[in-house]
Amino acid sequence: MRRLLALGALSLVLVTAAWAHAYHASIMEARVNAKTQQLEVALKIFTDDLEAALSAGQPRHLSLAETPAARLTPLLAGYLRRTVAIGTRPGEALPITYAGQQVEKDAHWLYFSVKLPAAARGLTLRHRLLMEQFPDQMNIVNLEAGGKKQSALFREGNEEQRLSW
């Protein structure tokens, strides 16, 4: 009887683990720093999803934990520049300055900034992060600027939005 209970408990744990990451999402926390005229961004992504994106088209799977920083940094910065574009008007992509990463349990935080023009009162954000890998990908953005807080949801078919303050 104990073996049956133990087997049942193990099965439950395995099934729960399989469902633990049944959705694909990222969350971006962005803040306009009025003093420096920069958009400061922290972007949280599930580690396994980010590894899948960076491994696409590669001969072997890329592990974030095992890849040396000297090789990983340009891969992460390049991936951000290909999937996230920030400008003051549609189609514009201001330069992204990659600042680094931080591991948090089963996720990675990526940090970057974008210098904004002094007169900026809004931005156009194109956010296609992980959408090529996962059709159900949701990218949530929380923006704090000009004393306002606002949120936006980016999904397949709705990858570009205008945020104003």
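Which residues in helix 2 meet which residues in helix 3? L50, A53 and L54 of helix 2 meet L72, L75, L76 and Y79 of helix 3. The legends below start from that contact.

This is a predicted model, in which local features need pLDDT of at least 70 and side-chain atom pairs count only at pLDDT 80 or more, while totals for chains, interfaces and linings use all residues. Residues are numbered from 1 along each chain as its sequence is written, and side-chain values use heavy atoms, with hydrogens and water left out.

**View 1. Helix 2 packs with helix 3 at an angle of about 90°.** Helices (H or I, at least four residues) and strands (E, at least two) are DSSP runs, numbered from the N terminus. Axes are lines fitted to C-alpha atoms, for helices over the stretch in contact; angles run from 0 to 180 degrees between N-to-C directions. Helix 2 and helix 3 are therefore roughly perpendicular. By class, their contact has 7 nonpolar, no polar and no charged residues. Nonpolar means Ala, Val, Leu, Ile, Met, Phe, Trp, Tyr, Cys and Pro; charged means Asp, Glu, Lys and Arg; the others, Gly among them, are polar. Contact means heavy atoms within 4.5 Å.

**View 2. Helix 2 is mostly covered.** Of its 9 residues, 7 are buried. Buried means under 20% relative accessible area, exposed over 50%, and partly exposed in between (1.4 Å probe, protein chains only). The buried residues are T47, D49, L50, E51, A53, L54 and S55. They pack against strand 2, helix 3 and strand 5 (107–115). G57 follows helix 2, with a positive phi near 80°.

View 3. Strand 3 and strand 6 pair over 4 bridges. Two strands pair if DSSP finds at least two bridges between them. A85 has R126 of strand 6 as its bridge partner.

View 4. A salt bridge is a side-chain nitrogen of Lys or Arg within 4 Å of a carboxyl oxygen of Asp or Glu. The structure holds 5 of them. R31 is partly exposed at 38% relative accessibility, and E40 is partly exposed at 26%. K44 is partly exposed at 27%, and E104 is partly exposed at 35%.

**View 5. E159 and R128 meet in a salt bridge.** The N to O distance is 3.0 Å. E159 sits in the loop between strand 8 (148–154) and strand 9 (160–164). R128 sits in the loop between strand 6 (122–127) and strand 7 (138–145). The two residues are 31 apart, and the pair links distant parts of the chain. Both E159 and R128 are buried. R128, E156 and E159 are linked in a network of salt bridges.

Definitions and conventions:
Parallel < 35°, antiparallel > 145°, perpendicular 65-115°, else oblique.
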